[in-house]
Amino acid sequence: MAKNVLSLLPRRSFSSIPETPTLYSFLQPSLFALKRTNQEPQSHPTSPQPHSLTQDQLSTLETTLHKSLITSDTDEAWKSFKAITTHQTFPPKPLTNSLITHLSSHTDIHNLKRAFTSAVYIMEKNPMMLAFETVGSLLCSMKCANTAAPAFALVKCMFKNRFFIPFATWGDVLVEISRKNGNLVAFLRVFEENCRICLDEKIEFMKPDVEACNAALEGCCCELESVSDAERVVEIMSNLGVRPNESSFGFLGYLYAVKGLQDKINELKVLIGGFGYSKNQGFYSNLISGYVKSGNFASVESTILSSLNDGNDKDWNFGEETFSGVVKEYLHRGNIKGLANLIIEAQKLEPSDIKVGKSIGYGIINACVCNGLSDKAHSILDEMNVLGGSVGLGVYVPILKAYCKENRTAEATLLVMEISGSGLRLDVETYDALIEASMSSQDFQSAFSMFRDMREARVSDLKGSYLTIMTGLMENHRPELMAAFLDEVVEDPRIEVGVHDWNSIIHAFCKAGRLEDARRTFRRMIFLQFEPNDQTYLSMINGYVLAGKYFSVLMLWNEVKRKLSADEQKGIKFGHNLVDAFLYALVKGGFFDAVMQVVEKSSEKKIFVDKWRYKQAFMETHKKLKVAKLRKRNFRKMEALIAFKNWAGLNT
């Protein structure tokens, strides 16, 4: 193998035959897949080896190289380095490593090629000049650029030239590059060569860790599907003293399941126990994936069911990937009945108090939903009913979530009714999500139905869904539904209905000009012993003003006036906004006696009043009103008008 490690690289001779060596002989397109740009012209030997550099010339070139690196003049640094190496000489070790590190730090492929070329050339000629950290930096840059071939070529060159560096410096990088390109087999071959050297030369720092061994094992089991290669890696691990972990057994389990080697699977189960690993979820997941790959449905089902028997807490929670593989293969073959039967049998083994999201039924149905097959999920549910099996919440919940996501809220409501009818109870989070989805799609009746079901199910926390419904109805300008909903739930002790809820309805009615509905809500609010506050009155005043019903505002003032007297405020904040609303409406209505009462009360409570606004309101509405005419008809009203004009400054 050592003879061919650089088969990707062109062979060159560095003998005493006169030639002008060029670093660019290493820049092969096969190693760097991206198209080369701004490439320097290839130089060819046209004359015998030039004379050696004098000490002064070498010093000058090294100084230029050093300054170029400091100033980041990459092209000049590369030119100086080439000039030095062309004469079979090398810059000092720190300078050489600085150049390669500098070239590696660039993101462009062209300079990465230069760094690769330099590193390989130094390895071929004088590997002791390279620092481990420099090679690590170059490999990390190759990983970022996703240039797999040069990275592997560099490591193979290290082996060929017996330039041995710690496995940790390069191993993880190659694993990551291999995974990204879906080619762990490439890593496997380098891994095997590294381990051979580690064992033959007894170089401890070249020993891989268990994660690297597992990467090689994964390449054997999942890509090559080769039992002999996998068992060779296991032997290497044994010789190196690397202890396998759960993942190691998982990859082997997958391979043996694919190949149908049940005896070897049984041996693995014994070994897992011998190593003291009690959580075998990963192992069973890999077994299931292997059986799915081979189309062995009987073993898929028996493995899932036996995993429930073997589990310490019978709560396996296999990953989505495992269930997705099972579901895709079953549905591909139209085996809905098989999935339904599997869920039924699993439910018999699962504890009654298992969490919804941990059940086998949930995993299978959720996998259908995640793959956009919610209708197939419902078909499995129907098949379970045909088979007479009990349907747990784990089957229902993913379907409900899918209906929420797809805004199929009417179907979700029917399913909720079915769940309730079977004696099962959804959790608060599911109810909240369903009601929110219904409100978002403006399916208010479904939201109401589910909220009723929620109440009947004796769910203790109703606050979230209650607020969702009320907020949604307000945003959609449906105060009549808000009023009906509030009237239905107001006596439920689990719901904290407040004055602000009534205010929201009253405000919405007033804004829509539906004053009779607003009045009816106002009376209902008082009847149920909810005390109106300043916000309640503000909404009513604004509604009356828009409709020109100023006498109704006068009635409100009389009510507020009674509450403000004799320590009966009862939550009313008689502030600037309420004073302003009353004054403006009462001036527009011509109720000057009440206007002066508001003025007196505001003065008493030291509330600033801007007279200009009410002067303007008077001029717009009562400009032609004469005091002399009022004297004959209503002496009290005349006095109130005079008092107002004096207060507002209209007599000056």
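The following legends describe close-up views of a predicted model.

**Figure 1. Overall composition of the protein chain.** The predicted chain is built from 33 helices and zero strands. Of its 652 residues, 50% are buried.

**Figure 2. Packing of helices α22 and α24.** Helix α22 covers residues 444-456 and helix α24 covers residues 479-489. Their axes come within 12 Å and cross at roughly 10°. Because angles under 35 degrees count as roughly parallel, α22 and α24 are described as roughly parallel to each other. On the α22 side, the contact is made by Phe444, Phe448, Phe451, Arg452 and Arg455. On the α24 side, Leu481, Phe485, Glu488 and Val489 take part. An aromatic cluster is also present in this view, formed by Phe448, Phe451, Tyr466 and Phe485.

**Figure 3. Packing of helices α16 and α17.** Helix α16 (residues 336-349) packs against helix α17 (residues 360-370) at an angle of about 155°, with the axes 8 Å apart. The two helices are therefore roughly antiparallel, since angles over 145 degrees fall in that class. From α16, the contributing residues are Leu339, Leu342, Ile343 and Ala346. From α17, they are Ile360, Gly361, Ile364 and Ile365.

Figure 4. Glu231 belongs to helix α10, which comprises residues 227-240. Its relative accessible area is 31%, so Glu231 is classed as partly exposed. The side chain of Glu231 makes a polar contact with the side chain of Tyr256, at 3.0 Å. Not counting residues up to four places away in sequence, Glu231 touches Tyr256 and Lys264. Cys220 is eleven residues from Glu231 along the chain, and the C-alpha atoms of these two residues are separated by 8.9 Å.

**Figure 5. Ser118 in helix α4.** Ser118 is located in helix α4, residues 109-125. With a relative accessible area of 0%, Ser118 is buried. A polar atom of the Ser118 side chain lies 2.8 Å from the backbone oxygen of Arg114. Apart from residues up to four places away in sequence, Ser118 touches Trp78, Phe81, Ile100 and Leu103.

**Figure 6. Ser285 in helix α13.** Helix α13, residues 281-294, contains Ser285. Ser285 counts as buried because its relative accessibility is 11%, and the limit for this class is under 20%. Phe318 and Thr322 are touched by Ser285, not counting residues up to four places away in sequence.

**Figure 7. Thr468 in helix α23.** Thr468 is placed in helix α23, residues 463-475. A relative accessible area of 25% makes Thr468 partly exposed. Leaving aside neighbours within four places in sequence, Thr468 is in contact with Ile435, Glu436 and Met439. The C-alpha atoms of Thr468 and Ala447 are separated by 9.5 Å, and these residues are 21 residues apart along the chain.

**Figure 8. Aromatic pairing of Phe275 with Tyr277.** A pair of aromatic rings is described by the distance of the centres and the angle of the planes. The structure holds 22 aromatic pairs. One of these is formed by Phe275 and Tyr277, with 6.3 Å centre to centre and 5° between the planes, and is stacked. Phe275 counts as partly exposed at 26% relative accessibility, whereas Tyr277 counts as buried at 16%.

**Figure 9. Arg613 over the ring of Tyr584.** Arg613 lies over the face of Tyr584. The distance of Arg613 from the ring centre is 4.1 Å.

Figure 10. Most residues other than glycine have a negative phi. Ser72, by contrast, has a positive phi, near 60°. Ser72 is found in the loop between α1 (55-70) and α2 (74-86), and its relative accessibility of 48% places Ser72 among partly exposed residues. Lys202 likewise has a positive phi, near 55°. The loop between α8 (184-201) and α9 (210-224) holds Lys202. At a relative accessible area of 71%, Lys202 is exposed.

Note on methods:
Residues numbered from 1 in each chain as written. Predicted model: local features only at pLDDT ≥ 70, side-chain atom pairs only at ≥ 80, totals over all residues. Heavy atoms only, no water. Helix = DSSP H or I, 4+ residues; strand = E, 2+ residues; numbered from the N terminus. Buried < 20%, exposed > 50% of the residue type's maximum accessible area, 1.4 Å probe, protein only. Contact = heavy atoms within 4.5 Å. Polar contact = N/O pair within 3.5 Å; in protein donor to acceptor, adjacent residues only side chain to side chain. Phe/Tyr/Trp six-rings, centres within 6.5 Å; stacked < 30°, edge-to-face > 60°. Lys NZ or Arg CZ within 6 Å of the ring centre and 35° of its normal. Axes fitted to C-alpha atoms, helices over the stretch in contact; angles between N-to-C directions. Parallel < 35°, antiparallel > 145°, perpendicular 65-115°, else oblique.
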